[in-house]
Amino acid sequence: SYKFGNQHRERVVDAMNDQMPVGYFADSQNNYFSFDKAKRQYGLLVYLMLGIYFICAVLFESLRKPFFIIMTIPVSFIGLFLIFSLFDFPFDQGGYAAFVMLGGLVVNASIFIVNDLNNSRLKHHNRAVVKAVLGKSMPILLTILSTCFGLIPFLIEGESEVFWFALAIGTIGGLVFSVVGVFLCLPVFLSR
């Protein structure tokens with residue numbers, strides 16, 4: 001059982017540590033989910049979002065618009081979570097890297113739209129939002145498609161290349177779902 005196996009492993013590690021030279025030690029790795037490690041990984045995502053928020057606040061000279069940009073990131077994370085849970089793929093460091101990559105790509109697409117909205121000369125705000133979204137839809141969709149196709153070679157080896165497979169599958173799932181965030185949620189957030 002797990003309990004007895006864990007006790008045996010601890011005894012073996014302790015016996016090895018008694019025989020190791022000074023300054024060296026043996027340690028065992030656990031294959032179960034560690035909440036401390038997860039807190040650290042998700043804490044990095046919070047720092048990522050805060051950094052993006054402050055950079056966009058300076059760029060757009062607004063505190064509201066960067067918040068709307070940040071709100072598109074969790075929408076894309078839904079796609080990442082869905083692809084790992086629906087197809088039962090293992091989530092590891094590649095999945096965490098996909099979080100960071102998705103954050104950057106979705107924010108980039110949202111910045112295109114908000115910047116185009118700021119440069120708009122239309123008097124009706126909601127029409128300017130629609131024009132900004134439609135005007136930047138082709139470059140954003142091409143960026144999403146080219147990124148997804150660029151990650152396909154990492155899927156070919158399958159789950160034997162654990163990090164690259166998880167990075168590719170997570171990024172592709174998140175990018176596909178980010179279309180909803182960028183083209184549906186962001187215009188709703190920006191409209192008056």
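These are my notebook entries on what I looked up in the predicted model shown above.

**Ground rules**

I number residues from 1 along each chain as its sequence is written, and my side-chain values use heavy atoms, with hydrogens and water left out. As this is a predicted model, local features need pLDDT of at least 70 and side-chain atom pairs count only at pLDDT 80 or more, while totals for chains, interfaces and linings use all residues.

**Entry 1: overall fold and shape**

I began with the secondary structure and found 6 helices and 0 strands, where helices (H or I, at least four residues) and strands (E, at least two) are DSSP runs numbered from the N terminus. Read along the sequence, the pattern is α-α-α-α-α-α.

I then looked up the radius of gyration, which is taken over C-alpha atoms, and noted 22 Å for the chain, whereas a compact globule of 192 residues would have a value near 16 Å; the globule rule is 2.2 Å times the number of residues to the power 0.38. The box filled by the C-alpha atoms, taken along the principal axes, is roughly 80 × 35 × 30 Å.

For contacts, meaning heavy atoms within 4.5 Å, I took the pairs of residues at least 6 apart in sequence, and 68% of these contacts join residues at least 24 apart.

**Entry 2: surface and charge**

The chain exposes about 12200 Å², of which carbon and sulfur atoms supply 65%; accessible areas come from the Shrake-Rupley method with a 1.4 Å probe, and for residues only the protein chains shown count as cover. Of the 192 residues, 37% count as buried, and I use buried for under 20% relative accessible area, exposed for over 50% and partly exposed for in between (1.4 Å probe, protein chains only).

I also looked up the charges and found that the mean positions of the 14 positive and 12 negative ones are 22 Å apart. Here Lys and Arg count as positive and Asp and Glu as negative, while His and the chain ends are not counted, and the place of a charge is NZ of Lys, CZ of Arg, CG of Asp or CD of Glu.

**Entry 3: the nonpolar core**

A nonpolar core is a set of buried Ala, Val, Leu, Ile, Met, Phe, Trp, Tyr and Cys residues joined through side-chain atoms within 4.5 Å. The largest one here has 42 residues, and Phe84, Ile113 and Leu190 touch the most other members. The elements that give two or more residues to this core are α2, α3, α4, α5 (125-156) and α6 (162-190).

Ile73 lies in helix α3 and counts as buried at 0% relative accessibility. Beyond four places in sequence, Ile73 is in contact with Met49, Ile52, Gly103, Val106 and Val107, while Leu59, 14 residues away in sequence, is 18 Å away in space, C-alpha to C-alpha.

Leu105 lies in helix α4 and is partly exposed, with a relative accessible area of 22%. Not counting residues up to four places away in sequence, Leu105 touches Thr147, Thr171 and Leu175, and its C-alpha atom is separated by 9.2 Å from that of Ser178, 73 residues apart along the chain.

I placed Cys148 in helix α5, where this residue is buried at a relative accessible area of 11%. With residues up to four places away again not counted, Cys148 touches Ile172 and Leu175, and Cys148 and Ala168 are 8.0 Å apart, C-alpha to C-alpha, across 20 residues of sequence.

Val179 lies in helix α6 and, at 27% relative accessibility, counts as partly exposed. Val179 touches Leu141, Ile144 and Leu184, residues up to four places away not being counted, and Val179 and Leu141 are 38 residues apart in sequence but 8.0 Å apart in space, C-alpha to C-alpha.

**Entry 4: backbone angles in two loops**

Most residues other than glycine have a negative phi. I noted that Glu61, although not a glycine, has a positive phi of about 50 degrees; it lies in the loop between α2 (35-60) and α3 (64-86) and is exposed, with a relative accessible area of 75%.

Asp88 is likewise not a glycine and has a positive phi of about 55 degrees. Asp88 lies in the loop between α3 and α4 (93-118), and I recorded this residue as exposed, with a relative accessible area of 66%.
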